[in-house]
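This briefing looks at pockets and surface in one protein model, written for a reader who works from the coordinates. Please take the points below together with the structure shown here.

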Amino acid sequence: MLGREIWIQRIDFGLMVFIWTIQLVVYPSFKYFPTDSLLKWHTTYTGSVSIIVLPLMATQVALHSWRLYDQFLLVNLFAWLLVVSTWVVTFIIFVPLHNKIPLNHALTQNLHSLVTYNWIRTFLWNLIFFIGMFIAKDK
């Protein structure tokens, strides 16, 4: 079981670093693009970033599910619910926001919303990582 915990920590840490990069570098940089360049770049960006983040997110939910199934503890359930929450927030808030950008509808507002709402995912992935550190301490 220790091997699984190490992989969970690595994936959780990777997603935490990833989301901070998105929050502090990527999303804020969008406002510096001229509109026509942003509309072209955004399509490339979303395709490329999906190749990175979707396998990490899928692995994270699989590993947390396995741990919850193997050891049904409240702390594991809480961590799993947080992981599921990142999926819900991503597909309910962020996919629609990203889908609006190429349409150039309320572009400034959508870019602002990306940065503002992304604090939710930043908080969730940080909390998941730190709860994982707590769980690992007890192993």
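**Surface and pockets of the predicted model**

Leu24 is found in helix 1, and in this predicted model the residue belongs to a nonpolar patch on the surface.

**Nonpolar surface patch**

- Leu24 has a relative accessible area of 53% and counts as exposed, because the exposed class begins over 50%.
- Together with Trp20, Val25 and Trp119, Leu24 forms a nonpolar patch on the surface, and these residues have about 410 Å² of accessible area together.
- Helix 1 gives three residues to the nonpolar patch, which is the largest share.

**Ile120**

- Ile120 has its place in helix 4, and with a relative accessible area of 35% this residue is partly exposed, because that value falls between the limits of 20% for buried and 50% for exposed.
- Between Ile120 and Ile22 there are 98 residues of separation in sequence, whereas their C-alpha atoms lie 12 Å apart in space.

**Largest pocket**

- The lining of the largest pocket is made up of 21 residues, and those that lie nearest its centre are Val49, Ser50, Val53, Thr90 and His98.
- At least two lining residues of the largest pocket come from each of helix 1 (2–29), helix 2 (35–70), helix 3 (74–100) and helix 4 (107–137), with the largest share, nine residues, supplied by helix 2.
- By class, the lining of the largest pocket holds 13 nonpolar residues, seven polar residues and one charged residue.

**Second largest pocket**

- The second largest pocket is lined by Tyr27, Pro28, Phe30, Lys31, Phe33, Thr35, Leu38, Leu107, Thr108, Leu111, His112 and Val115.
- Helix 1, helix 2 and helix 4 are the elements that give two or more residues to the lining of the second largest pocket, and the largest share, five residues, comes from helix 4.
- The lining of the second largest pocket divides into eight nonpolar residues, three polar residues and one charged residue, and Lys31 is the charged one, because Lys is counted in the charged class.

Conventions: Residues numbered from 1 in each chain as written. Predicted model: local features only at pLDDT ≥ 70, side-chain atom pairs only at ≥ 80, totals over all residues. Heavy atoms only, no water. 1 Å grid on protein atoms, 1.4 Å probe; cavity = no way out; pocket = protein on both sides within 12 Å on 5 of 7 lines; lining within 4 Å. Helix = DSSP H or I, 4+ residues; strand = E, 2+ residues; numbered from the N terminus. Patch = residues over 30% accessible without salt bridge, like charges linked within 9 Å, V, L, I, M, F, W, Y side chains within 5 Å. Areas by Shrake-Rupley, 256 points an atom, 1.4 Å probe, with all protein chains shown as cover. Salt bridge = Lys/Arg side-chain N within 4 Å of Asp/Glu carboxyl O. Buried < 20%, exposed > 50% of the residue type's maximum accessible area, 1.4 Å probe, protein only.
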